[in-house]
Amino acid sequence: ASNEPLLAPFQKLLQAPGQMRQSFLPAMPEDAFALLSAQGVVADATAWYQCPNGHRYTIGDCGQAAVEARCNECGAKIGVG
């Protein structure tokens with residue numbers, strides 16, 4: 001067993017997975033977008049953008065914003081404005 005604190009969650013996951021049921025292991029945002037793309041959920045996405053707070057969103061059709069909207073995550077203004 002390693003004494004490295006960064007490895008502790010992974011060791012526990014392998015050795016006692018039942019104890020990790022309520023744990024959160026963060027992932028990179030790109031992983032979620034790759035999964036959605038592979039599943040065809042965002043098949044009509046033409047362009048990806050980020051709101052002022054860094055949340056990603058997509059625009060279909062021509063990929064250009066035609067209206068002003070709000071970010072689904074934080075409510076910041078996105079699009080034309």
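Which residues make up the largest nonpolar core? In this predicted model, the largest nonpolar core is made up of Cys-51, Tyr-57, Ile-59, Cys-71 and Ile-78, five residues in all. The legends below begin with the whole chain and end with one member of that core.

**View 1. The whole chain, with its two helices and four strands.** Read from the N terminus on, the elements follow one another in the order α-α-β-β-β-β. The chain has 81 residues, of which 14% count as buried, and its accessible surface comes to about 6,600 Å², with 54% of that surface belonging to carbon and sulfur atoms. Among the contacts in the chain with a separation of 6 or more, 7% are accounted for by residues 24 or more positions apart.

**View 2. A nonpolar patch on the surface, formed by Leu-7, Phe-10, Leu-13 and Leu-25.** Together these four residues have about 350 Å² of accessible area. One of them, Leu-25, lies in the loop that runs between helix 1 (8–15) and helix 2 (29–38).

**View 3. The hairpin formed by strand 1 and strand 2.** Strand 1 covers residues 47–50 and strand 2 covers residues 56–59, and the two pair in the antiparallel sense over four bridges. As an example of this pairing, the bridge partner of Trp-48 is Thr-58 in strand 2. Five residues stand between the two strands of the hairpin, and in the turn Gly-54 has a positive phi of about 90°. As a point to keep in mind when looking at strands, the side chains in a regular strand alternate between the two faces of the sheet.

**View 4. Cys-71, a member of the largest nonpolar core.** Cys-71 has its place in the loop between strand 3 (68–70) and strand 4 (77–79). Is Cys-71 buried or exposed? Cys-71 counts as buried, because its relative accessibility is 8% and the cut-off for buried is under 20%. If residues up to four places away in sequence are not counted, Cys-71 touches Cys-51, His-55, Ala-76 and Ile-78. Of these neighbours, Cys-51 and Ile-78 also belong to the largest nonpolar core.

Conventions:
Residues are numbered from 1 along each chain as its sequence is written. This is a predicted model: local features need pLDDT of at least 70, side-chain atom pairs count only at pLDDT 80 or more; totals for chains, interfaces and linings use all residues. Side-chain values use heavy atoms; hydrogens and water are left out. Two strands pair if DSSP finds at least two bridges between them. Patches are made of residues with over 30% relative accessible area and no salt bridge: like charges are joined within 9 Å, nonpolar side chains (Val, Leu, Ile, Met, Phe, Trp, Tyr) within 5 Å. Accessible areas come from the Shrake-Rupley method with a 1.4 Å probe; for residues, only the protein chains shown count as cover. A salt bridge is a side-chain nitrogen of Lys or Arg within 4 Å of a carboxyl oxygen of Asp or Glu. A nonpolar core is a set of buried Ala, Val, Leu, Ile, Met, Phe, Trp, Tyr and Cys residues joined through side-chain atoms within 4.5 Å. Buried means under 20% relative accessible area, exposed over 50%, partly exposed in between (1.4 Å probe, protein chains only). Contact means heavy atoms within 4.5 Å.
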